[in-house]
Amino acid sequence: MSSPTLTFNKAPIVLLRGEPLLLYTTEHRTLLAALEARKVSIFSECRSGFCGACKTRVRSGAVTYLTTPLAELQADECLPCCCVPTEDLDLDLSSEGADMPLLRVKHLA
Ligand code: FES
């Protein structure tokens, strides 16, 4: 099965509970790969949309699936192992321990 070709008018911003993490590009094959590259702690097993282990709540935004997921999902959930963002995407994941380069701006009084 071939993956769909994705083109973006603007690289989607992936956020963790409102904190910007990265600009998604096709450099990473999946959302999970992009999250792991930034050291986001996210559990996964099958990495193919079967087990549901990576199920993540979406606070806002949308994704598209590279392969049809077999795990059951609620309307506000996604499977990062087999999807990519199609617009800015805010995930209900902790940023603790993650490499958050877009946030490294200090406010000086
Ligand atoms: S790791 Fe199994 S569905 Fe994502």
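Arg 47 counts as partly exposed because 16 other C-beta atoms lie within 10 Å. The classification rests on C-beta atoms placed from the backbone: a residue is buried if 20 or more other C-beta atoms lie within 10 Å of its own, exposed if 12 or fewer, and partly exposed in between. Arg 47 is located in the loop between helix 1 and strand 3. Although Arg 47 is not a glycine, its phi is positive, at about 60 degrees.

Lys 39 is likewise found in the loop between helix 1 and strand 3. Its phi is positive, at about 65 degrees, and Lys 39 is not a glycine either. Lys 39 has 11 other C-beta atoms within 10 Å and is therefore exposed.

## Basis of the model

This is a predicted model, in which local features need pLDDT of at least 70 and side-chain atom pairs count only at pLDDT 80 or more, whereas totals for chains, interfaces and linings use all residues. Residues are numbered from 1 along each chain as its sequence is written.

## Overall organisation

The protein has 1 helix and 7 strands. Helices (H or I, at least four residues) and strands (E, at least two) are DSSP runs, numbered from the N terminus. Along the sequence, these elements follow the pattern β-β-α-β-β-β-β-β.

Of the 109 residues of the protein, 29% count as buried. Two residues are in contact if their C-beta atoms, placed from the backbone, lie within 7 Å. Among the contacts with a separation of 6 or more, 57% join residues 24 or more positions apart.

An open sheet is formed by 5 strands in the order 2-1-7-3-5, with mixed pairing. Strand 2 and strand 5 (77-78) are at the edges with a single partner strand each, so one side of each is left without a neighbour in the sheet. Pairing here requires that DSSP finds at least two bridges between two strands.

Strand 1 and strand 2 are antiparallel and pair over 4 bridges. Ile 13 stands opposite Leu 23 in strand 2, and the bridge partner of Val 14 in strand 2 is Leu 22. The two strands form a hairpin with 2 residues between them, and Arg 17 in the turn has a positive phi of about 45 degrees.

Strand 1 and strand 7 run parallel and are joined by 3 bridges. Across this pairing, Leu 15 stands opposite Asp 90 in strand 7. On the other hand, strand 3 (residues 56-60) and strand 7 run antiparallel, with 2 bridges between them. Asp 90 in strand 7 also stands opposite Ser 60, while Leu 91 in strand 7 is the bridge partner of Val 58.

## The nonpolar core

The largest nonpolar core has 24 residues, and Val 14, Leu 31, Cys 83 and Leu 91 are those with the most contacts inside it. At least two residues of this core come from each of strand 1 (13-16), strand 2 (19-23), helix 1 (31-37), strand 6 (83-85) and strand 7 (89-91). Helix 1 supplies the largest share, 4 residues. A nonpolar core is a set of buried Ala, Val, Leu, Ile, Met, Phe, Trp, Tyr and Cys residues joined through C-beta atoms within 7 Å.

Not counting residues up to four places away in sequence, Leu 91 touches Val 14, Leu 15, Leu 16, Thr 56, Val 58 and Arg 59.

## Ala 62 beyond strand 3

Ala 62 lies in the loop between strand 3 and strand 4 (63-65). Its 13 C-beta neighbours inside 10 Å are the reason why Ala 62 counts as partly exposed. Apart from neighbours within four places in sequence, Ala 62 is in contact with Thr 86 and Glu 87. The C-alpha atoms of Ala 62 and Cys 78 are separated by 8.8 Å, and these two residues are 16 residues apart along the chain.
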